[in-house]
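Colleague: I am new to this model and would like a short tour. Could we start with the terms and then go through the parts?

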Amino acid sequence: MAGRGGTFVYGIVPADVEPTDDAVGVGDPPGEVTAVVQGELAALVSEVDLDQPMGRPVDLTAYQELLDGTAVVAPVVPVRFGTVVTGADAVHDLLEAHRDRFRAALDEFEGRTQYTVRGRFREPELIGALLAEDPNVAQLAERVRGRPEAASREQRIRLGEMISQAVELRREAETRELVDVLGPVAVTSTVRPPGHELDALHVAFLVDVDRADEFVAVTEEFAVQRRDLVRMRLLGPLAPYDFVDAHQLAG
């Protein structure tokens with residue numbers, strides 16, 4: 001018995017952009033990626049079986065690889081992962097209903113790409129720095145050192161709170177410094193919330209392709225300067241996932 005079918009929408013591109021022959025969509029087996037054209041716009045789509053689970057790591061990878069690969073050669077507006085409509089007619093309706101928003105977004109992303117900078121504190125070095133900078137934290141840490149946990153429970157809780165607050169302040173400072181350093185070589189940026197207590201920074205930058213090498217060089221220099229305290233990763237070039245809020249669909 002055939003499953004229920006739907007059309008998975010990956011992103012919006014100019015009408016003259018077509019997926020490559022080896023483009024792989026989501027699903028098992030992966031659907032063929034095609035372009036549905038409506039006037040000056042097109043949507044990259046594939047057919048999916050709605051009775052199969054979507055959201056597996058392999059599906060998210062296929063979604064990202066398709067959009068990132070497209071972004072290398074053309075502007076693309078990513079559509080939220082998991083957006084499925086009923087068929088080609090619904091895709092045409094989608095493109096028509098949001099035509100002005102999509103056109104504005106494609107104009108904004110023309111010749112630009114996203115880079116994401118992530119950093120995580122090196123825990124021993126971070127704790128050492130916090131103890132050196134704040135005598136109150138250092139004194140409280142010394143008081144609980146070697147004492148039974150039950151006998152020092154309240155002090156340990158207080159110490160944890162003080163360290164957490166200090167980490168938050170250090171995270172804000174690291175993020176602010178990163179944005180100050182990379183801002184001149186980027187179009188704009190957006191700060192992402194931490195996903196781990198030791199996250200030092202997580203910032204997405206929209207970068208002119210013509211300045212990408214310069215942006216990467218400045219990022220690498222910053223990473224070298226902070227390497228004793230923060231392990232940094234640079235991801236990109238990527239589709240502009242973090243810059244579509246003003247143009248994104250609600251669902």
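Modeller: A residue is called buried under 20% relative accessible area, exposed over 50%, and partly exposed in between, using a 1.4 Å probe and protein chains only. Helices (H or I, at least four residues) and strands (E, at least two) are DSSP runs, numbered from the N terminus. The model is predicted: local features need pLDDT of at least 70 and side-chain atom pairs count only at pLDDT 80 or more, while totals for chains, interfaces and linings use all residues. Residues are numbered from 1 along each chain as its sequence is written, and side-chain values use heavy atoms, with hydrogens and water left out.

Colleague: Then how many of the ten residues of strand 6 are buried?

Modeller: Seven of the ten are buried, so strand 6 is largely enclosed by the rest of the structure.

Colleague: Which strands form the open sheet, and in what order?

Modeller: Four strands form it, in the order 7-8-6-9, with antiparallel pairing. Two strands count as paired if DSSP finds at least two bridges between them. Strand 7 (188–191) and strand 9 (230–238) stand at the edges with a single partner strand each, so one side of each has no neighbour in the sheet. On average, neighbouring strands of this sheet are turned by 20° against each other, direction ignored.

Colleague: What holds strands together in general?

Modeller: Strands of a sheet pair through backbone hydrogen bonds, either parallel or antiparallel.

Colleague: How many bridges join strand 6 to strand 8, and how many join strand 6 to strand 9?

Modeller: Strand 6 pairs with strand 8 over nine bridges, in the antiparallel sense. Seven bridges join strand 6 to strand 9, and these two also run antiparallel. On that side, V117 stands opposite L234 in strand 9.

Colleague: Moving to the helices, which strands does helix 7 lie across?

Modeller: Helix 7 (residues 212–226) lies across strand 6, strand 8 and strand 9, and runs at about 170° to strand 9. Axes are lines fitted to C-alpha atoms, for helices over the stretch in contact, and angles run from 0 to 180 degrees between N-to-C directions.

Colleague: Which residues of helix 4 are buried?

Modeller: In helix 4 (residues 123–133), they are L126, A129 and L130. Seen down the helix axis, they fall within an arc of 100°, so they line one face of helix 4. The arc is that of the directions from the helix axis to the C-beta atoms. On the other side of helix 4, P124 and A132 are exposed.

Colleague: What do the buried residues pack against?

Modeller: They pack against strand 6 and helix 6 (153–182), where contact means heavy atoms within 4.5 Å. The residues of helix 4 that meet helix 6 include I127 and E133, and their partners in helix 6 include I163 and R170.

Colleague: At what angle do the axes of helix 4 and helix 6 cross?

Modeller: They cross at roughly 100° and come within 11 Å. That makes helix 4 roughly perpendicular to helix 6, a label used for angles of 65 to 115 degrees; under 35 is roughly parallel, over 145 roughly antiparallel and the rest oblique.
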